[in-house]
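The sequence and structure come first, and the description follows.

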Amino acid sequence: VRRPTAFAFPALALGAALAIALGIVFFRGPAPKVELALSSGGVFSTRLGESWHSGRSGETLAEAERVRTDPAGHALLRISGVATVLIGADSDVSLERLSHGTFLRLSRGTLTARVSKRSADEPFVVQTDGFTVKVVGTLFSVEQGPGDHTAVSVREGIVDVSDDGRGRVYRVIAGTRWTSEAV
């Protein structure tokens, strides 16, 4: 009977630990479910390459899908375990990425989000034409107007706004409002 050498057990333990660590880093589970929980007025959605259709309460949305509201429309999105997002009238929001963090693009209009506490490797980010709004856990609003106008209002917590063109980061605290005109 052949006996294992002394280094076999530590090597086996190291290999198992490495496999577990890689599993934790690379497997985070499925992307959170996104539901169009409520809608009023004109609310429309589309998947990449498809035509726009009327959004319906209870509809499940997917990564790369867009939601648009007309001047009388409002939509409430529930991103399971992550956030509740209110999309204001005359707005256009796309679900850029839902796994390894949540990335929304606000092309026009207003969104208000209540975000659960996030770890650094699972951020909640709203991208506008010239700014990136990154959240760790808070209640805030982002507004994208004509041109390069972006405004961020924070009701709870702290939000970081980075200027995509210059690399500056502006910290917005609860009870304050930041606008791109102030830059």
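Tyr170 has a relative accessibility of 18%, so it counts as buried, the cut-off being under 20%. The model in which this is seen is a predicted one. Trp178, at 10% relative accessibility, is likewise counted as buried. The rings of Tyr170 and Trp178 form a tilted pair, with 5.5 Å from centre to centre and 35 degrees between the planes. Ring pairs also bring in Phe131, which makes a cluster with Tyr170 and Trp178.

## A second ring pair

The number of aromatic pairs in the model is 3. One of them joins Phe124 and Phe140 in an edge-to-face arrangement, where the centres are 6.3 Å apart and the planes stand at 75 degrees. Phe124 belongs to strand β10 (residues 124-127) and Phe140 to strand β12, so the pair ties together parts that are 16 residues apart in sequence. Phe124 counts as buried because its relative accessibility is 0%. Phe140 counts as buried because its relative accessibility is 1%.

A charge is also placed over a ring elsewhere in the model: the charged end of Arg68 sits over the ring of Trp52, at 4.3 Å from the ring centre.

In soluble globular proteins, nonpolar side chains tend to be buried together. Here the largest nonpolar core holds 34 residues, and those with the most contacts inside it are Val85, Phe124, Phe140 and Val161. The element that gives the most to this core is strand β9 (residues 102-115), with 5 residues.

Which residues does Val85 contact, leaving aside its neighbours within four places in sequence? They are Ala75, Leu76, Leu77, Ile79, Leu104, Leu111, Thr112, Ala113 and Phe124.

Strand β12 (residues 139-144) and strand β13 (residues 150-156) run antiparallel and are joined by 6 bridges. Within this pairing, Leu139 has Glu156 of β13 as its bridge partner. The two strands form a hairpin with 5 residues between them, and Gly147 in the turn has a positive phi of about 70 degrees.

β13 is also joined to strand β16 (residues 176-179), again in an antiparallel way, by 4 bridges. Ala151 stands opposite Thr179 in β16.

## Val142 in strand β12

Val142 lies in strand β12. With a relative accessibility of 0%, Val142 counts as buried.

Apart from neighbours within four places in sequence, the contacts of Val142 are Leu106, Gly109, Thr110, Leu111, Val126, Thr128, Val133, Thr150, Ala151 and Val152.

## Glu65 in a loop

Is Glu65 buried or exposed? Glu65 counts as buried because its relative accessibility is 1%. Glu65 is found in the loop between β4 (59-61) and β5 (66-69).

The side chain of Glu65 reaches the backbone nitrogen of Ala62 at 2.9 Å. Not counting residues up to four places away in sequence, Glu65 touches Ser45, Thr46, Arg47, His53, Glu59, Thr60, Val93, Ser94 and Leu95.

Key
Residues are numbered from 1 along each chain as its sequence is written. This is a predicted model: local features need pLDDT of at least 70, side-chain atom pairs count only at pLDDT 80 or more; totals for chains, interfaces and linings use all residues. Side-chain values use heavy atoms; hydrogens and water are left out. A nonpolar core is a set of buried Ala, Val, Leu, Ile, Met, Phe, Trp, Tyr and Cys residues joined through side-chain atoms within 4.5 Å. Buried means under 20% relative accessible area, exposed over 50%, partly exposed in between (1.4 Å probe, protein chains only). Contact means heavy atoms within 4.5 Å. A polar contact is a pair of N or O atoms within 3.5 Å; within protein, one must be able to donate a hydrogen and the other to accept it, and residues adjacent in sequence count only if both atoms are side-chain atoms. Two strands pair if DSSP finds at least two bridges between them. Rings of Phe, Tyr and Trp (its six-membered ring) pair if their centres lie within 6.5 Å; planes under 30 degrees apart count as stacked, over 60 as edge-to-face and the rest as tilted. A charge sits over a ring if NZ of Lys or CZ of Arg is within 6 Å of the ring centre and within 35 degrees of the ring normal.
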